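Student: Could we go through this model together, setting each value against the definition behind it?

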Amino acid sequence: AMFINDTWEFSPSWIINAGIRYDDNSRSGDETTFSAGLNKKFNETSHAYFNWGQVFRAPTTDDLFYPYMGNADLVPETGETWTIGYATQISDKTDVNVSYFESNLKDAIRYNPDNYWICENIDEQDKRGMELSVNHEINDNVDLVASYTYTRVENNKNGTGFTRDANYMPNMYRLGIRYNDNKWNADLFLRYANGGCTGINPNN
(Lines give C-alpha, C1' and ligand atoms only; values in the text may rest on other atoms or scores of the structure.)
Protein backbone atom coordinates (compact mmCIF):
# COMPACT_ATOMS: atom_id res chain seq x y z
CA ALA A 1 0.00 0.00 0.00
CA MET A 2 0.99 3.64 -0.42
CA PHE A 3 -0.65 6.90 0.60
CA ILE A 4 -0.33 10.67 0.23
CA ASN A 5 -1.69 13.17 2.75
CA ASP A 6 -1.77 16.97 2.67
CA THR A 7 -2.65 19.54 5.34
CA TRP A 8 -3.71 23.04 4.33
CA GLU A 9 -4.18 25.88 6.84
CA PHE A 10 -6.24 28.25 4.74
CA SER A 11 -6.97 30.73 7.56
CA PRO A 12 -5.74 31.23 11.14
CA SER A 13 -8.58 29.05 12.49
CA TRP A 14 -9.38 26.56 9.69
CA ILE A 15 -7.39 23.49 8.60
CA ILE A 16 -8.20 20.97 5.85
CA ASN A 17 -6.66 17.49 5.63
CA ALA A 18 -6.96 15.39 2.49
CA GLY A 19 -5.50 12.02 1.63
CA ILE A 20 -5.47 9.29 -0.99
CA ARG A 21 -4.41 5.66 -0.45
CA TYR A 22 -3.75 2.83 -2.89
CA ASP A 23 -3.93 -0.82 -1.79
CA ASP A 24 -2.88 -3.84 -3.85
CA ASN A 25 -3.77 -7.21 -2.30
CA SER A 26 -2.78 -10.49 -3.95
CA ARG A 27 -6.19 -12.08 -3.19
CA SER A 28 -8.55 -9.12 -2.99
CA GLY A 29 -7.32 -6.94 -5.82
CA ASP A 30 -6.47 -3.25 -5.81
CA GLU A 31 -8.45 -0.28 -4.54
CA THR A 32 -8.00 3.49 -4.23
CA THR A 33 -9.63 5.23 -1.26
CA PHE A 34 -9.93 8.87 -0.23
CA SER A 35 -10.18 10.71 3.09
CA ALA A 36 -10.78 14.29 4.16
CA GLY A 37 -11.03 16.29 7.35
CA LEU A 38 -11.92 19.79 8.51
CA ASN A 39 -10.72 21.38 11.76
CA LYS A 40 -12.08 24.62 13.23
CA LYS A 41 -10.05 26.26 15.99
CA PHE A 42 -12.13 28.44 18.33
CA ASN A 43 -9.32 29.53 20.65
CA GLU A 44 -6.05 28.22 22.07
CA THR A 45 -7.80 25.50 24.08
CA SER A 46 -10.72 24.23 21.98
CA HIS A 47 -11.53 23.06 18.46
CA ALA A 48 -14.16 21.13 16.50
CA TYR A 49 -13.43 18.63 13.75
CA PHE A 50 -15.06 16.55 11.02
CA ASN A 51 -13.41 13.54 9.36
CA TRP A 52 -14.63 11.38 6.47
CA GLY A 53 -13.00 8.42 4.83
CA GLN A 54 -13.53 5.46 2.51
CA VAL A 55 -12.83 1.94 3.75
CA PHE A 56 -11.10 -0.99 2.05
CA ARG A 57 -10.14 -3.91 4.31
CA ALA A 58 -8.97 -7.19 2.87
CA PRO A 59 -9.52 -10.38 4.91
CA THR A 60 -6.60 -11.29 7.15
CA THR A 61 -4.78 -14.61 6.96
CA ASP A 62 -6.71 -15.79 10.04
CA ASP A 63 -10.01 -14.72 8.47
CA LEU A 64 -9.21 -16.82 5.42
CA PHE A 65 -7.39 -19.87 6.77
CA TYR A 66 -7.77 -20.23 10.55
CA PRO A 67 -8.62 -23.92 11.25
CA TYR A 68 -12.39 -24.61 11.36
CA MET A 69 -13.20 -20.86 11.41
CA GLY A 70 -11.51 -19.40 8.35
CA ASN A 71 -13.33 -18.88 5.06
CA ALA A 72 -11.28 -18.79 1.85
CA ASP A 73 -14.23 -17.32 -0.08
CA LEU A 74 -14.25 -14.00 1.79
CA VAL A 75 -14.19 -10.75 -0.15
CA PRO A 76 -12.89 -7.40 1.18
CA GLU A 77 -15.17 -5.09 3.10
CA THR A 78 -15.69 -1.61 1.71
CA GLY A 79 -17.63 1.47 2.75
CA GLU A 80 -17.48 4.90 4.33
CA THR A 81 -16.98 6.27 7.82
CA TRP A 82 -17.22 9.73 9.34
CA THR A 83 -16.70 11.40 12.71
CA ILE A 84 -17.66 14.78 14.14
CA GLY A 85 -16.26 15.95 17.45
CA TYR A 86 -15.28 18.68 19.85
CA ALA A 87 -12.17 18.85 22.04
CA THR A 88 -11.37 21.35 24.77
CA GLN A 89 -8.91 21.93 27.59
CA ILE A 90 -10.91 22.44 30.78
CA SER A 91 -7.82 23.12 32.91
CA ASP A 92 -4.07 23.39 32.51
CA LYS A 93 -3.75 19.62 32.83
CA THR A 94 -7.08 18.17 31.69
CA ASP A 95 -8.40 17.68 28.14
CA VAL A 96 -11.89 16.47 27.21
CA ASN A 97 -13.00 15.11 23.84
CA VAL A 98 -16.51 14.15 22.74
CA SER A 99 -17.35 12.71 19.33
CA TYR A 100 -20.09 11.04 17.29
CA PHE A 101 -19.29 8.52 14.57
CA GLU A 102 -21.03 6.47 11.90
CA SER A 103 -19.94 3.92 9.33
CA ASN A 104 -21.59 1.88 6.61
CA LEU A 105 -19.81 -1.22 5.32
CA LYS A 106 -20.55 -3.51 2.39
CA ASP A 107 -19.52 -7.17 2.72
CA ALA A 108 -18.55 -6.57 6.37
CA ILE A 109 -16.33 -9.32 7.81
CA ARG A 110 -17.33 -10.96 11.08
CA TYR A 111 -17.25 -14.31 12.88
CA ASN A 112 -20.75 -15.80 13.02
CA PRO A 113 -21.67 -16.98 16.56
CA ASP A 114 -24.63 -18.93 15.18
CA ASN A 115 -22.48 -20.97 12.80
CA TYR A 116 -19.53 -22.28 14.85
CA TRP A 117 -17.86 -18.84 14.68
CA ILE A 118 -17.01 -19.31 11.01
CA CYS A 119 -15.90 -16.06 9.37
CA GLU A 120 -18.36 -14.63 6.86
CA ASN A 121 -19.29 -11.58 4.80
CA ILE A 122 -22.45 -9.65 5.69
CA ASP A 123 -24.25 -7.73 2.93
CA GLU A 124 -24.32 -4.48 4.95
CA GLN A 125 -23.30 -3.35 8.42
CA ASP A 126 -24.19 0.01 9.98
CA LYS A 127 -22.31 1.22 13.04
CA ARG A 128 -22.92 4.41 14.98
CA GLY A 129 -22.07 5.70 18.41
CA MET A 130 -20.38 8.28 20.58
CA GLU A 131 -17.25 8.54 22.69
CA LEU A 132 -16.31 10.67 25.67
CA SER A 133 -12.66 10.69 26.72
CA VAL A 134 -10.65 12.56 29.37
CA ASN A 135 -6.88 12.95 29.52
CA HIS A 136 -5.34 14.28 32.74
CA GLU A 137 -1.65 15.12 33.04
CA ILE A 138 -0.34 13.89 36.39
CA ASN A 139 3.18 15.19 35.71
CA ASP A 140 5.47 15.86 32.75
CA ASN A 141 5.76 12.14 31.96
CA VAL A 142 2.54 10.48 33.13
CA ASP A 143 -1.04 10.91 31.91
CA LEU A 144 -4.22 9.33 33.24
CA VAL A 145 -6.67 8.43 30.46
CA ALA A 146 -10.34 7.42 30.77
CA SER A 147 -13.05 6.95 28.17
CA TYR A 148 -16.56 5.64 27.56
CA THR A 149 -17.74 4.50 24.12
CA TYR A 150 -21.25 3.51 23.09
CA THR A 151 -21.57 1.67 19.78
CA ARG A 152 -24.69 0.26 18.12
CA VAL A 153 -24.11 -2.26 15.34
CA GLU A 154 -26.82 -3.40 12.93
CA ASN A 155 -26.46 -6.02 10.21
CA ASN A 156 -28.39 -6.59 7.00
CA LYS A 157 -27.72 -10.21 6.07
CA ASN A 158 -29.09 -11.72 2.86
CA GLY A 159 -31.34 -8.72 2.29
CA THR A 160 -33.57 -9.47 5.30
CA GLY A 161 -33.30 -5.92 6.72
CA PHE A 162 -31.21 -4.40 9.48
CA THR A 163 -31.24 -6.04 12.91
CA ARG A 164 -29.08 -5.30 15.90
CA ASP A 165 -25.95 -7.44 16.30
CA ALA A 166 -26.91 -9.22 19.52
CA ASN A 167 -23.36 -10.41 20.18
CA TYR A 168 -21.72 -6.98 20.13
CA MET A 169 -21.09 -5.33 23.49
CA PRO A 170 -22.28 -1.72 23.04
CA ASN A 171 -20.71 -0.21 26.18
CA MET A 172 -16.92 0.02 26.37
CA TYR A 173 -15.05 1.55 29.33
CA ARG A 174 -11.30 2.19 29.31
CA LEU A 175 -9.00 3.36 32.08
CA GLY A 176 -5.27 3.63 31.68
CA ILE A 177 -1.93 5.24 32.39
CA ARG A 178 0.35 6.54 29.66
CA TYR A 179 4.07 7.20 30.21
CA ASN A 180 6.17 9.33 27.84
CA ASP A 181 9.71 10.65 27.88
CA ASN A 182 12.35 11.55 25.30
CA LYS A 183 13.40 7.95 24.61
CA TRP A 184 10.36 5.70 25.02
CA ASN A 185 6.68 5.50 25.96
CA ALA A 186 4.41 2.86 27.47
CA ASP A 187 0.67 2.38 28.00
CA LEU A 188 -1.24 0.24 30.48
CA PHE A 189 -5.01 0.00 29.98
CA LEU A 190 -7.94 -1.82 31.55
CA ARG A 191 -11.02 -2.39 29.42
CA TYR A 192 -14.52 -3.45 30.42
CA ALA A 193 -17.49 -4.07 28.11
CA ASN A 194 -21.14 -4.88 28.80
CA GLY A 195 -24.64 -4.58 27.38
CA GLY A 196 -24.63 -7.52 24.96
CA CYS A 197 -28.21 -8.62 24.26
CA THR A 198 -27.64 -12.28 23.44
CA GLY A 199 -30.78 -14.22 24.32
CA ILE A 200 -33.19 -11.28 23.98
CA ASN A 201 -34.87 -9.59 21.06
CA PRO A 202 -31.99 -8.08 19.04
CA ASN A 203 -34.25 -5.29 17.75
CA ASN A 204 -34.73 -3.81 21.24
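Student: What makes a side chain count as positive or negative here, and where is its charge placed?

Tutor: Lys and Arg count as positive and Asp and Glu as negative, while His and the chain ends are not counted; the place of a charge is NZ of Lys, CZ of Arg, CG of Asp or CD of Glu. On that basis the protein chain has 17 positive and 29 negative side chains, with the centres of the two sets 4 Å apart. This is a predicted model, in which local features need pLDDT of at least 70 and side-chain atom pairs count only at pLDDT 80 or more, whereas totals for chains, interfaces and linings use all residues. Residues are numbered from 1 along each chain as its sequence is written, and side-chain values use heavy atoms, leaving out hydrogens and water.

Student: Why is proline 12 called exposed?

Tutor: Exposed means over 50% relative accessible area, buried under 20%, and partly exposed in between, with a 1.4 Å probe and protein chains only. Proline 12 has a relative accessible area of 76%, and is therefore exposed. Of the 204 residues in the protein chain, buried ones make up 28%.

Student: What is the place of proline 12 among the strands?

Tutor: Helices (H or I, at least four residues) and strands (E, at least two) are DSSP runs numbered from the N terminus, and proline 12 lies in the loop between strand E1 (2-11) and strand E2 (14-25). Its C-alpha atom is separated by 35 Å from that of aspartate 23, eleven residues apart along the chain.

Student: Which pattern does the protein chain follow along the sequence?

Tutor: The pattern reads β-β-β-β-α-β-β-β-β-β-β-β, with one helix and eleven strands in the protein chain.
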